[in-house]
Amino acid sequence: MKWVKQSVGYWCEDTRKRKCTGKGVCTAILDTGIARHPDLRERIVEFRDFTGGSSVCRDDSGHGTHVAGILAGNGRVSGGIYAGMAPDTSLLIGKVLDREGNGKVENVLRGIGWILENQVRFRVRIVNISVGTQPELDWNQKQLFLEAVEEMWDHGIVVVVSAGNYGPGEGTVAVPGNSRKVITVGVPDTEMGSASRRKNNVNYSGRGPTGACVVKPDVFAPGTGIISCNAAYGRPGEHPYIMKTGTSMATPVVSGAIACLLSKYPDMTNVEVKLKLRESCVKTPGTDAGWGLLNVERLLEA
């Protein structure tokens, strides 16, 4: 497998070589919403705003659009060069966070209920949640969030969540990334050049073990310095793509890879997907806490 770093991030040449591009797979994203970016707008099957009731696609933060671009951008503005992981997957978008990336657990729960109500209608196979609770959130609120996410898993949906950016200390994985059922994504330790404005050793990903002694994250993927769709594109002076960093960016890399897998093997269950992902990961430096680094070529092997 060859990872190629481009302006939207990382994709695997194998996904295109094998024509596994997420076609026929619907992925739901709960985040800050989505802009009608040219790389995304034709595959948004429905949008629902749980923060303000807007009936029109919007993303006042830009986080959700960036996540969606990593997962499913088709690279139209760049002539296909900056496509995401699964450029043919359709998108069900729930806006549950505000422009600052904050939100109420109540809104997230409403978003989860909406996905479950529409699971059959849109054939939702994957849910991407690049959202985690802050450490000081009330325990009861965390538990409600965790139970709701696990309910989606129990309904057969592949749920992929971020480990959070509160690491690297033990027990810093964010809820719902502490669930033993869902797939939790972290970012491996990354060495960056001295010219970077960030510290040379980028080590922020949430880590387990959880309170129930579950090893987390499960899988690691690139998440530092990822460039994807800019929600502000179309305004004067705005570039179509923008860079962001965090486990939020790594999560749609994995969700997109799973969309490619399900487009190739549509009959796989969420449990089978999780086992296949675990078997295909490769141990690399900085991924000792989980299964290893995502390897798309091995994931798509028969």
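So, H6 and H7 first: in this predicted model, these two helices are roughly perpendicular to each other, because their axes cross at roughly 115 degrees and 65 to 115 is the range that counts as perpendicular. The axes of H6 and helix H7, residues 270-280, come within 11 Å. The crossing is right-handed. If you have the structure open, look at Val254, Ile258, Leu261 and Leu262 on the H6 side, and you'll see them meet Val273, Lys276 and Leu277 in H7. By class, that contact of H6 with H7 has six nonpolar residues, no polar ones and one charged.

Now stay with H6, please, and turn to another partner, H2. Helix H2 covers residues 63-72, and its axis comes within 8 Å of that of H6, with a crossing of roughly 35 degrees. H2 passes H6 in a right-handed crossing. From H2, the contact takes His63, His66, Val67, Ile70 and Leu71, and from H6 it takes Ser248, Met249, Pro252, Val253, Ser255 and Gly256. What classes do the residues in the contact of H2 with H6 fall into? Six are nonpolar, five are polar, and none is charged.

On to the next pair, H3 and H5. H3 is residues 105-117 and H5 is 139-154. Their axes are 10 Å apart and the packing angle is about 10 degrees. That angle is under 35 degrees, so H3 and H5 are roughly parallel to each other. H3 and H5 cross in a left-handed sense. On the H3 side of the contact, you can pick out Val105, Val108, Leu109, Ile112, Ile115 and Leu116. Facing them from H5 are Gln141, Leu144, Phe145, Ala148, Val149, Glu151 and Met152. That contact of H3 with H5 comes to 11 nonpolar residues, one polar and one charged.

The largest pocket holds about 680 Å³ of space. Its lining is made of 30 residues, and those nearest the centre are Leu97, Gly101, Asn102, Val131 and Gly132.

Last stop, the backbone. As a reminder, most residues other than glycine have a negative phi, and most peptide bonds are trans. Here are some exceptions for you to find. The peptide bond from Gly167 to Pro168 is cis, with omega near 15 degrees. Pro168 sits in the loop between strand S7, 158-162, and strand S8, 183-186. Going from Gly208 to Pro209, the peptide bond is also cis, and there omega is near 0 degrees. Where is Pro209? Look in the loop between strand S10, 201-202, and strand S11, 219-220.

And then there is Arg123, which is not a glycine but has a positive phi of about 55 degrees. You'll find Arg123 in the loop between helix H4, 119-122, and strand S6, 124-129.

That's my tour, and I'm happy to go back to any of these spots with you. Thanks, everyone!

Notes: Residues are numbered from 1 along each chain as its sequence is written. This is a predicted model: local features need pLDDT of at least 70, side-chain atom pairs count only at pLDDT 80 or more; totals for chains, interfaces and linings use all residues. Side-chain values use heavy atoms; hydrogens and water are left out. On a 1 Å grid over the protein atoms alone, a cavity is a set of points where a 1.4 Å probe fits but cannot get out, and a pocket is an open set with protein on both sides within 12 Å along at least five of seven lines; lining residues have an atom within 4 Å of a point. Grid points are joined across faces, edges and corners, and a volume is the space filled by probe spheres set on the points. Helices (H or I, at least four residues) and strands (E, at least two) are DSSP runs, numbered from the N terminus. Axes are lines fitted to C-alpha atoms, for helices over the stretch in contact, and angles run from 0 to 180 degrees between N-to-C directions. Angles under 35 degrees count as roughly parallel, over 145 as roughly antiparallel, 65 to 115 as roughly perpendicular and the rest as oblique. A crossing is left-handed if the near helix is turned anticlockwise from the far one by less than a right angle, and right-handed if clockwise. Contact means heavy atoms within 4.5 Å. Ala, Val, Leu, Ile, Met, Phe, Trp, Tyr, Cys and Pro count as nonpolar, Asp, Glu, Lys and Arg as charged, and the others, Gly among them, as polar.
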